Amino acid sequence: MTQHPPPHSAPLERPVVGSYPTYEGAQRAVDFLSDHRFPVERTAIIGTDLRMVETVLGRLTRGRAALAGAGSGAWFGLLIGLLLALFAAGNHRVFVLMISGLFYGAIFGALFGFTGHALTGGRHDFASRSQIVAARYDVVAEAEVAEEARNMLIKLGWREG
């Protein structure tokens, strides 16, 4: 059972010991602390000013939707074929089951991809990838160890500077 603090209690205040424009920079800082035996379980990386970025990868036609469905269906069919082959008697059936699974998976995947895209009625006719990014990433530490972390990260800055 998980216990949550009461809603009226103040969150634990953890001072910022380093601030970075990229997540990789904040990750590098925590890795540096870890490499120097700092108790990193007392730290956190906090992204601020979050925004969702959707990168458009291209136009999505019914043909592309069918092709993408065929690809994912083929992988799924191959997996099912391999699982069935585990219980098949004789080695010659393994290849047939794998190829059959791949073939039927691709066919059904293409049908589902085509139909699914056709049913959208022209809405969202593009392929995209979404991600959440922050304007800044702060490394925070518990108050008792914050000064030590801050001093260690100053040394990291000297190394990289």
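## Close-up views of helix α4 and its neighbours

**View 1. The crossing of α1 and α4 is right-handed.** The model shown is predicted. The two helices, α1 and α4, pack at an angle of about 110°. Their axes lie 10 Å apart. An angle of 65 to 115 degrees counts as roughly perpendicular, so α1 and α4 are roughly perpendicular to each other.

**View 2. Helix α4 from end to end, residues 143-160.** The helix has 18 residues. At 1.5 Å a residue it should span 26 Å, and the end C-alpha atoms are 26 Å apart, which agrees.

**View 3. The buried residues of α4 and their cover.** Val-145, Ala-146, Ala-149, Met-152, Leu-153 and Leu-156 are buried. An α-helix has 3.6 residues a turn, so residues three or four places apart point the same way. The cover over the buried residues of α4 includes β1 (16-20), α1 (23-35) and β3 (126-141).

**View 4. The whole chain, with 4 helices and 3 strands.** Along the sequence the elements run β-α-β-α-α-β-α. The chain has 161 residues, of which 27% count as buried. Among contacts with a separation of 6 or more, 87% join residues 24 or more positions apart.

Note on methods: Residues are numbered from 1 along each chain as its sequence is written. This is a predicted model: local features need pLDDT of at least 70, side-chain atom pairs count only at pLDDT 80 or more; totals for chains, interfaces and linings use all residues. Side-chain values use heavy atoms; hydrogens and water are left out. The expected span of a helix is 1.5 Å times one less than its number of residues. Buried means under 20% relative accessible area, exposed over 50%, partly exposed in between (1.4 Å probe, protein chains only). Contact means heavy atoms within 4.5 Å. Axes are lines fitted to C-alpha atoms, for helices over the stretch in contact, and angles run from 0 to 180 degrees between N-to-C directions. Angles under 35 degrees count as roughly parallel, over 145 as roughly antiparallel, 65 to 115 as roughly perpendicular and the rest as oblique. A crossing is left-handed if the near helix is turned anticlockwise from the far one by less than a right angle, and right-handed if clockwise.
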